[in-house]
Amino acid sequence: MRHARCVLAGVAVGLASLVPAAPAAQPELSATTRQTGLPRTPEQRAVVFEHATLHFKVLPQDRRIEGDATLRFRAGQELATMVLDLDRAYQVSAVQVDGVALARKDWANPEGRMRITLPGAVAAQQGFDVRVVYAGAPHVATRAPWDGGLVWSSAPGGEPWVASAIQGEGCDLLWPCIDHPQGEPLLVDEYITVPAPLVAPGNGVLVDMQEHDGWRTWHWRARSPDTYAVAINVGPYEQLKGDYHSRFGNTIALAYWHLKGQDAKAQDLFDELPRMLDFFERQIGPYPFGDEKVGIVQTPYLGMEHQTINAYGNDYRKDKYGYDWLMQHEFSHEWFGNQLTNADWDDMWLHEGLGSYMQPLYLQYLRGEMEYHAALLDQRAKLSNKVPIVSGRPQTEQSVYDSEHGPGLDIYYKGSLMLHMLRGLIGDQAFFKTIRLAVYGTDDPRPGQFQPRHLSTPDYIAIVNEVTGRDYGWFFQVYLYRAALPELLAERDASGLALRWKTPDEVPFPVPVEVRIGANSGRIVTVPMPGGRGHVDLPPGELYTLDPQSRLLREEPRFAVAVRDAAERKAAADRAAAEKGRAEKGQAERGQTEKAKAAAKP
């Protein structure tokens, strides 16, 4: 691997005057725009989205963008209308179909779902272009990346620093799209125009950069990006770049766009990339976008898995395991999110569960078993088990990530721990084969010989069944489609230890159980559990340990006690802080009253 520093932009005199103005009140998002992943309309389901040509002119001082989008579709059936998703906050100035300008009466966008009457019926298998010219103030993300929108910020030198984070509400916050996981365009050409000398890193490969009259236009081209992965990033960036020589024979371009002033930390972060790439390519398979790049860009918010241009804002923090967990997690989404994309938000555990399991696996790759199990234990302590992580019906992003009414963080950590258990149940060879088939559609992936895939939960279950030659539907019923974890009940009897699995709704659960007989160096026996029951002989009074190698994801009261204790302590601390605040406020008010009285005396 070779590294080189490429300084793409300095700071022009007067550029600081383009920093964003103070935020103004923004219009409320419509119910349609606020939720990403709503069911597609019949028109949206009836087309193949072949190509998106997106022009964004970013005006940092005004917190506005001017957009010009030409979208190429191919009809699967005769169409008289087309429907696109676009935030109604934008003012649409023109709509064209195949170059023909439409009258104002031929399109409407009252709730963020734009309905366009086509000039004439489009025949099945016929291609057609829809062009939308629009402008306005994009929704501002007030707590990115947890809420969606643009982040308007300033770099330390005062220059504009702008980034998009739209997973929470979807692509319609930026461009007219099909705001659903299966609405990916096959190809995107993105033109980002920014004040010179600012830099605008984007998805895919850089086609060119043109500079005219104080503006720079960066042209990027990417294939099949996730709908929310089409990204805008603008700043006074410097670039680290290099090459990675893959074990699969191809050479992959590496790039990190960062703000100046922390060169050593930026280089340290960049130097982690080859090791992470080696891990993923050894463990899973080829980097999916090796003909484009591995890209990272520093952002004024924590992070997001934008395809080939992952957002990074973790301030170079290392966790207790000594690596940058944020970069590794977002990078994992190139495989689990961008190459393998959820068919519906209900299947989001395929992104977050697989991505989260890659972190203990990475520690196992780096340092061995102790840190692998320690990281899994960290995850185990975070489970809530209140709502199933898969509902079996279409969901929106909002409903899935809702920690009060939806699975929330369980799609990350319960998904990860379930995969750890599945790996122990079916063995490494079968387990990693299921992952490769899910990600690539083949057990022998080679660069350039696979396409991006959409996958549902039933699809993955079918892959597991195919690889193992057994029906594991019962396993996924317990962990994905039920909220509560299975309980392992153990009771001594005259000859030893009787074991029984207790599952929600009495779902069958014939998972074998390891029991260690004796103290730490005792022998381990595997107890078959046909019908969810088993028995192991034990001498009277002999010590035993259930699941000594921590293979099982099961209900254990100690975790619930710890979670409840932490919640109670936090609530008590919050009450104490609130009471202290009220007391200090009352004291200050009394002081002001006394001063006023004193001032009023003659």
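Which helix gives the most to the lining of the largest pocket? The answer is H5, which contributes five residues to that lining. The report below, which rests on a predicted model, begins with this pocket and then turns to the cavities, the strands and the salt bridges.

## The largest pocket

The largest pocket has a volume of about 1100 Å³. Its lining is made up of 38 residues, and those closest to the centre of the pocket are Trp146, Tyr401, Leu409, Tyr412 and Tyr413. Several elements give two or more residues to this lining, namely strand S19 (303–304) together with the helices H4 (325–332), H5 (349–367), H6 (369–380), H7 (397–401) and H8 (410–426).

When the lining of the largest pocket is sorted by class, it has 15 nonpolar residues, eleven polar residues and twelve charged residues.

## Enclosed cavities

Rolling a probe the size of a water molecule over the atoms shows where empty space is left. In this model, the count comes to three cavities of 30 Å³ or more, and the largest cavity has a volume of about 70 Å³.

The lining of the largest cavity draws on residues from several stretches of the numbering, including Thr36, Gln167, Gly170, Asp179, His180 and Pro181. Asp226, Thr227, Tyr228, Asn342, Trp345 and His351 also line this cavity. By class, the residues of this lining divide into three nonpolar, seven polar and two charged.

## Strand S8 and its partners

Strand S8, which covers residues 113–122, is joined by six bridges to strand S4, which covers residues 79–85, and the two run antiparallel. Within this pairing, Leu84 has Met114 of S8 as its bridge partner.

Strand S7 (residues 107–108) also runs antiparallel to S8, and two bridges join them. S7 and S8 together form a hairpin with four residues between the strands, and in the turn Gly112 has a positive phi of about 90 degrees.

## An open sheet of three strands

A further group of three strands forms an open sheet in the order S10-S11-S15, with antiparallel pairing. Strand S10 (149–154) and strand S15 (233–234) stand at the edges, and because each has a single partner strand, one side of each is left without a neighbour in the sheet.

Strand S11, at residues 160–165, pairs with S15 over two bridges in the antiparallel sense. In this pairing, the bridge partner of Val162 is Val234 of S15.

## Salt bridges

Arg282 forms a salt bridge with Asp278, with the closest N and O atoms 2.8 Å apart. Both residues lie in helix H3 (residues 263–283), where they are four residues apart, or about one turn of the helix. What sets the two partners apart is their accessibility: Arg282 counts as exposed because its relative accessibility is 51%, whereas Asp278 counts as buried because its relative accessibility is 16%.

A second salt bridge brings together the side chains of Lys320 and Asp378, at 3.3 Å from N to O. This pair links distant parts of the chain, since Lys320 is in the loop between strand S20 (310–312) and H4, while Asp378 is in helix H6, 58 residues apart. Lys320 counts as exposed because its relative accessibility is 66%, and Asp378, at 26%, counts as partly exposed.

In another pair, Arg558 forms a salt bridge with Glu556, the closest N and O atoms being 3.2 Å apart. Glu556 is buried, because its relative accessible area is 16%. Elsewhere, Arg223, Asp291 and Glu292 are linked in a network of salt bridges.

## A residue in strand S16

Glu238 is found in strand S16, which covers residues 238–245. With a relative accessibility of 11%, Glu238 counts as buried. Between Glu238 and Gln359 there are 121 residues of separation in sequence, and the C-alpha to C-alpha distance is 29 Å.

Key. Residues are numbered from 1 along each chain as its sequence is written. This is a predicted model: local features need pLDDT of at least 70, side-chain atom pairs count only at pLDDT 80 or more; totals for chains, interfaces and linings use all residues. Side-chain values use heavy atoms; hydrogens and water are left out. Two strands pair if DSSP finds at least two bridges between them. On a 1 Å grid over the protein atoms alone, a cavity is a set of points where a 1.4 Å probe fits but cannot get out, and a pocket is an open set with protein on both sides within 12 Å along at least five of seven lines; lining residues have an atom within 4 Å of a point. Grid points are joined across faces, edges and corners, and a volume is the space filled by probe spheres set on the points. Ala, Val, Leu, Ile, Met, Phe, Trp, Tyr, Cys and Pro count as nonpolar, Asp, Glu, Lys and Arg as charged, and the others, Gly among them, as polar. A salt bridge is a side-chain nitrogen of Lys or Arg within 4 Å of a carboxyl oxygen of Asp or Glu. Buried means under 20% relative accessible area, exposed over 50%, partly exposed in between (1.4 Å probe, protein chains only).
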